[in-house]
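Here are my notes on the model, point by point. Please read them with the structure open.

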Amino acid sequence: MTATIAVPDVPSHAPSPVGDVPPMTITILGLSLSSSWGNGHATTFRALIRGLAACGHSVTFLERDVPWYAAARDLSDPDFCRLAFYRHPSELLTTHRAAIANADAVLVGSYVPDGIEVIRKVLTIAGGVVGFYDIDTPVTLGRLARDDCDYLSRRLIPAFDVYFSFTGGPLLDRLERQYGARRARPLYCAVDATRYAPADAAGAPQPLYDLGYLGTYSPDRQPALDRLLIEPARRMPDRRFIVAGPQYPADIDWPANVTRLDHVAPGDHPALYASLRYALNITRADMLATGWSPSVRLFEAAACATPVITDPWDGIEAFFPEGEAILVARGADDVVAALSDHHSDTGRRLATRARAIVLDGHTGLHRARELAAGLWHLRPAATVGKPETRSLDLAGPTERTGDEAHTPA
């Protein structure tokens with residue numbers, strides 16, 4: 001018999017109600033917590049889980065033990081949660097069964113290797129609320145449309161009690177109407193404000209670089225990087241620029257005044273932001289198409305009181321009002337104009353406003369409270385869909401599996 005899920009009487013896409021809830025045990029299966037190399041998931045999970053711990057919740061994070069992250073771990077023994085590794089999804093039914101079956105809530109993240117198999121096993125044994133946290137929602141839906149998504153299938157989406165999305169706006173309605181999500185709720189990225197903060201004003205050096213970009217190479221972001229950083233660097237040979245992040249092709253023609261760094265560990269991010277007059281934010285093509293997808297780098301830079309120049313995207317005004325808390329650059333001319341302005345307090349004014357916005361609503365503690373409240377209030381509905389009553393066909397010939405999912409947005 002198909003389980004009937006009671007839907008709370010709240011606006012369809014309202015954020016989860018925020019408030020103190022009793023301590024819960026939460027198990028998260030995500031791409032990575034231990035390594036921030038080549039992905040933005042680790043810093044997002046770290047901020048979120050630190051917030052959950054600060055609220056009194058007990059979190060277990062289950063991470064697939066893969067060589068590319070094992071070789072670049074920068075958080076092997078977190079003090080804010082239990083971190084455990086598994087080599088194959090079958091271990092979820094044995095070694096880690098209790099952590100899933102006994103949790104008040106289980107959250108599966110996007111880009112988890114063999115994600116479809118992982119989700120099926122979680123749905124088989126979880127006794128509490130089961131949610132999906134998509135830190136790549138527009139990318140995920142694009143891959144589902146092309147039938148090349150190896151961490152989620154369309155038929156699994158209705159099996160979750162809630163679909164948390166780092167993208168908000170109209171996409172939430174699509175998740176419910178087109179993909180059958182029971183509830184689609186925004187859970188934007190956030191920043192750990194205890195670790196990302198301005199440098200001590202008394203001892204802070206003058207910025208070393210006029211503009212810097214922190215991000216892993218992505219082919220669909222490169223045209224914007226060419227337009228908004230490389231071209232301004234060519235036009236302004238007396239200014240200094242920096243691009244930090246791995247996987248950039250060796251054949252990129254970097255101007256002589258552009259410094260390149262490979263991976264920068266999260267602990268070094270604040271120092272990097274402190275070295276910049278402006279930080280550049282570039283949005284992936286799928287996120288540009290949907291809008292409402294603020295990146296974690298936006299919140300990090302703002303928390304460090306570094307003013308941000310961003311490419312334009314729908315929904316930005318809901319987070320950082322243009323001209324008040326952020327500069328929007330539509331081309332190289334806009335960047336050159338911003339960097340040429342040495343005689344006003346524009347940068348300081350933008351940074352002050354942006355930092356206030358972040359501290360008021362976009363820290364890991366804020367997101368933790370939103371998540372915990374949303375999970376807690378779903379518990380009565382989730383009891384209808386416990387393992388013995390979940391009846392969706394969780395397997396099918398169109399589902400894809402594989403462990404290639406290690407290049408997230």
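1. In which helix is Gly 142 found? Gly 142 is in helix H5, residues 137–146. Helices (H or I, at least four residues) and strands (E, at least two) are DSSP runs, numbered from the N terminus. Gly 142 counts as buried because its relative accessibility is 16%; buried means under 20% relative accessible area, exposed over 50%, partly exposed in between (1.4 Å probe, protein chains only).

2. A word on the basis. This is a predicted model: local features need pLDDT of at least 70, side-chain atom pairs count only at pLDDT 80 or more, and totals for chains, interfaces and linings use all residues. Residues are numbered from 1 along each chain as its sequence is written, and side-chain values use heavy atoms, with hydrogens and water left out.

3. The overall figures. The protein has 13 helices and 13 strands. Of its 409 residues, 58% count as buried. Take contacts (heavy atoms within 4.5 Å) between residues at least 6 apart in sequence: 74% of them join residues at least 24 apart. The accessible surface is about 16100 Å², and carbon and sulfur atoms hold 52% of that. Areas come from the Shrake-Rupley method with a 1.4 Å probe; for residues, only the protein chains shown count as cover.

4. The seven-stranded sheet. This open sheet runs E3-E2-E1-E4-E5-E6-E7, with parallel pairing. Two strands pair if DSSP finds at least two bridges between them. E3 (82–86) and E7 (184–186) are the edges; each has a single partner strand, so one side of each lacks a neighbour in the sheet. Neighbouring strands are turned by 25 degrees against each other on average, direction ignored. Axes are lines fitted to C-alpha atoms, for helices over the stretch in contact, and angles run from 0 to 180 degrees between N-to-C directions. Six bridges pair E1 (25–30) with E2 (58–64) in the parallel sense. Thr 25 sits opposite Ser 58 of E2.

5. The six-stranded sheet. A second open sheet has the order E10-E9-E8-E11-E12-E13, with parallel pairing. E10 and E13 (327–328) are its edge strands, each pairing on one side only. E11 runs parallel to E12 (308–310), joined by three bridges, and Leu 280 stands opposite Ile 309 in E12. H7 packs on this sheet, touching E8, E9, E10 and E11, and its direction makes about 140 degrees with that of E9. H11 packs on the sheet too, with contacts to E8, E9, E11, E12 and E13; its direction makes about 160 degrees with that of E11.

6. Strand E11. Is it enclosed or open? Six of its six residues are buried, so E11 is largely enclosed by the rest of the structure. Four bridges join E11 to E8 in parallel. Leu 276 in E11 is the bridge partner of Tyr 209.

7. Helix H7. A kink of about 25 degrees lies at Leu 229, shortly before Pro 232. Buried residues of H7 include Leu 225, Leu 228 and Pro 232. The buried residues pack against E8, E9, E10, E11 and H11.

Methods. Bend = angle between axes of the 7 residues up to and from the residue.
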